[in-house]
Amino acid sequence: MAALALVCSAAGIAQEVEFTEYNLDNGLHVILHQDNTAPVATVGVMYHVGAKDEEAGRSGFAHFFEHLLFEGTENIERGKWFDIVAANGGSNNANTTQDRTYYYETFPSNNLELGLWMESERMLHPVINEIGVETQNEVVKEEKRSRIDNAPYGKIIYSTGINKYVFDKHPYKNSIIGTMEDLDAAELDEFKAFFDKYYGPNNATLVVAGDIDVDETKEMIEKYFAEIPAGNEVERVSVQEEPITETITATEYDSNIQIPAKLFVYRTPSMKDRDAYILDMISSILTDGRSSRMYKKMVDEEKTALQVLAFPRSQEDYGTYVMGALALGETPLDTLAVSMDEEIDKLQNELISEKEYQKLQNKFENRFVNSNSSISGIASSLATYNVLYGNTDLINEEIEIYRDITREDIKRVANEYLNENQRLELDYLPESEKE
């Protein structure tokens with residue numbers, strides 16, 4: 001009982017994240033979270049620019065900048081960024097989605113000022129030149145080869161074999177990594193223009209979390225960021241897709257696999273929509289782990305599937321819900337499709353049991369707590385909730401959305417979104433099966 005009380009107490013602490021937020025005159029949004037339990041601090045900057053913001057014929061720019069902005073600045077020698085971080089006991093990384101790009105460093109807290117200076121350097125005057133572009137072009141090409149072209153099921157994992165069918169008008173139809181032809185064709189001035197358009201303080205959120213003193217941190221932020229000039233106001237992508245009203249059928253081939261897969265892909269609402277949260281729960285019911293419905297049925301009982309899979313991808317404008325199965329032995333893909341449809345039908349026609357509902361709530365409660373169990377995780381969450389949801393308070397309040405979801409909601413949303421005429425049905429086959 002004492003151990004249980006300790007766990008519950010820790011969960012309660014992990015769920016409550018106190019923070020301060022404000023804006024500088026140049027439009028930079030600042031979020032500060034003080035936690036002095038460990039001598040580390042994370043500095044993160046999230047820019048509200050992703051793959052969806054790229055010009056036609058210039059795909060891959062946002063992801064390219066994820067790499068390019070580590071090249072160096074006027075005061076950081078080319079190729080020395082990672083050396084400086086490592087020499088000062090830190091770690092750093094960056095990542096890009098369709099909607100945003102995020103850079104961050106985690107340092108011992110006595111090097112907080114170094115992290116702030118480096119991010120201000122990245123924002124104020126990076127060096128964007130031919131040698132940097134050529135170097136990172138080769139890096140991105142190798143990343144594309146290793147993660148997509150030569151990786152089993154890479155076109156599923158990175159959506160390059162999916163989104164082009166699900167989206168017609170919206171730039172989500174393009175891949176995050178883009179095409180090498182577009183990057184090769186781009187001129188240096190185009191890269192500079194992309195930076196000027198999207199990487200100003202008025203299109204960014206700075207997060208500092210960890211072992212900090214709020215007043216001292218504010219002074220350092222003023223010192224390093226206040227004089228960075230704001231850019232022009234960024235015009236947001238506003239493209240409406242027509243609803244999918246007829247089944248889309250497609251086949252993709254992969255030279256890196258031997259086991260075919262059957263996929264159902266549904267276009268889902270914005271990550272800010274309550275129904276997106278419900279679909280997240282539906283994904284957990286169907287395919288999350290060995291106790292999920294599809295796993296127990298198709299893998300354990302019927303033995304028609306080697307594995308079941310799901311990728312519920314929440315995004316700012318629209319999401320996608322990818323569900324599917326890998327065929328076991330000579331199982332026809334149509335057999336997998338029938339089994340998946342049977343599980344969807346159950347959700348559409350029957351309420352899940354109270355026991356399954358409670359298990360679901362426990363799983364999401366645990367996931368919520370774990371997401372805020374590290375300083376770097378808290379920093380990322382604070383930035384994401386502000387930039388993409390427009391509500392930083394969700395770091396503490398989002399769990400209430402899940403708690404408020406009912407069994408009736410799950411049944412309703414399954415009926416609203418998971419219909420045969422609203423999806424892509426994709427056969428994902430080995431290249432050897434191509435006629």
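These legends walk through a few views of one protein chain.

The model is predicted: local features need pLDDT of at least 70, side-chain atom pairs count only at pLDDT 80 or more, and totals for chains, interfaces and linings use all residues. Residues are numbered from 1 along each chain as its sequence is written, and side-chain values use heavy atoms, with hydrogens and water left out.

View 1. Helices (H or I, at least four residues) and strands (E, at least two) are DSSP runs, numbered from the N terminus.

**View 2. Strand β5, residues 101–108, tucked inside.** Six of its eight residues are buried, so β5 is largely enclosed by the rest of the structure. Buried means under 20% relative accessible area, exposed over 50%, and partly exposed in between (1.4 Å probe, protein chains only). Across the chain, buried residues make up 53% of the 435.

**View 3. The partners of β5, strands β3 and β4.** Strands pair if DSSP finds at least two bridges between them. Strand β3 (residues 40–47) runs antiparallel to β5, joined by eight bridges. Strand β4 (residues 91–96) is also antiparallel to β5, over six bridges, and a hairpin of four residues links β4 to β5.

**View 4. Zooming in on Tyr104 of β5.** Gly44 has Tyr104 as its bridge partner, and Asn93 stands opposite Tyr104 too.
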